[in-house]
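Subject: Structure handover

Dear colleague,

I am passing on the structure below, together with notes on what was found in it. Please read the notes alongside the coordinates.

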Amino acid sequence: MRSGGTRTVIPVIKPVLGEEEAAAVAEAVRSGWVAQGPRVAEFEAAFAARAGTAHGVAVSSCTTALHLALLLAGVGPGDDVVVPSLSFIATANVVRHAGARVVFADIDPATGNMDAKNVEAVLTPRTRAVILVDQGGIPADLDAVRALCDPLGITVVEDAACAAGSTYKDRPTGAGAELAAWSFHPRKLLTTGEGGMLTTPADALARRARRLREHGMSVSAADRHGSAKVVIEEYDETGFNYRMTDMQAAMGLVQLTRLDGVVARRRELAARYRRLLADLPGVACAGDPAHGTTNYQSFWITLPDGFGAGRDELLQHLLDAGISARRGIMAAHRERAYADVEADLPATDRFTTRSLILPLFHDMTHAQQDRVVEAVAAHA
Ligand SMILES: *Cc1c(COP(=O)(O)O)cnc(C)c1O
């Protein structure tokens, strides 16, 4: 499609950003406090409340949140950590950042998530933690995995990078986790440009996470600044600089007020996709699992064996029609970085090679959606 020489491309996702975010960031700049400060503290409290848990510790990304979560779980060299290969590669990378060994588990093809059986199949005497991913926003069955792991002293970390606004057993995702990690990258539904959060109900874990994200400092720079007395900070362990800025937090506070509306709109558009695509035999779509609701951070479909076009061919056909779709969720064990890890993951291999992610964004029109469905159907 061409208009005035420029092709109108339907994007796969678009962040919902307005003048309110621009004004909030400008206000942080004018305040003179741009590093971690009062807005970060406010965002942490608001996000934790929305996630149904006690503490939020804002950090620079979900990757750094996951790294801290593993350190809080006591993970180190000599330990095994179970992760799904079917995830953005950061889920596996953080295990190596913590010095531990990556063990890949397969997935339930209906949800794209690991279930308790998948985890149980790969446990070793050295398993110290499991990272359970709510892939594409679809909540994983956390209680079932915890019922397996808690008695064995294995910490379950929830990788809720994609899952802000999803629910699990009528509560927000992450609410039932000892440690949950969130992403505010623009590919997710709530963005601060870059950014992340670690949430936990445990006071002691939150306290240590705050120290570790700020060089291991006993008193944060913001608290020292606000004190009427001279405070000399101490350093009891080796920390990191994983801080979020107040400019990012200012944006996050506005984004949080939009979240419910963003999720409602995505669910409405996703329901319409599911109705329209139901006519294509064998095509499976992302949807709500039995135990919760998805925010449809990614609307994926999987193609049956007899489908006309191959997955990559279909992506090219869509691109030719001005539609920016994406391959489905990647599988880390198929990348060279993980070629040395033994993995027998038939459901993951099938899912990653047969799935694609269709465009879904807040102001997508029904006409644009029809164009996508027609383009997929044309190659069925
Ligand atoms: C996006 C994503 C991450 C990484 O998030 P960043 O904030 O970019 O570090 C980790 N895990 C999953 C499942 C993701 O989708």
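The protein chain has 12 helices and 16 strands, both being DSSP runs numbered from the N terminus (H or I over at least four residues for helices, E over at least two for strands). Its radius of gyration, taken over C-alpha atoms, is 21 Å, close to the 21 Å that the globule rule (2.2 Å times the number of residues to the power 0.38) gives for 380 residues, so the chain is as compact as a globular protein of that length.

This is a predicted model, in which local features need pLDDT of at least 70 and side-chain atom pairs count only at pLDDT 80 or more, whereas totals for chains, interfaces and linings use all residues. Residues are numbered from 1 along each chain as its sequence is written, and side-chain values use heavy atoms, with hydrogens and water left out.

Turning to the ligand, the shell of residues around it comprises five nonpolar, six polar and two charged ones (Ala, Val, Leu, Ile, Met, Phe, Trp, Tyr, Cys and Pro count as nonpolar, Asp, Glu, Lys and Arg as charged, and the others, Gly among them, as polar). A polar side-chain atom of serine 183 lies 2.7 Å from an oxygen atom of the ligand, while one of aspartate 159 is 2.8 Å from a ligand nitrogen atom; cysteine 62 instead places a backbone N or O atom 2.9 Å from a ligand oxygen atom. These are polar contacts, that is, pairs of N or O atoms within 3.5 Å.

Best regards

Notes. A polar contact is a pair of N or O atoms within 3.5 Å; within protein, one must be able to donate a hydrogen and the other to accept it, and residues adjacent in sequence count only if both atoms are side-chain atoms.
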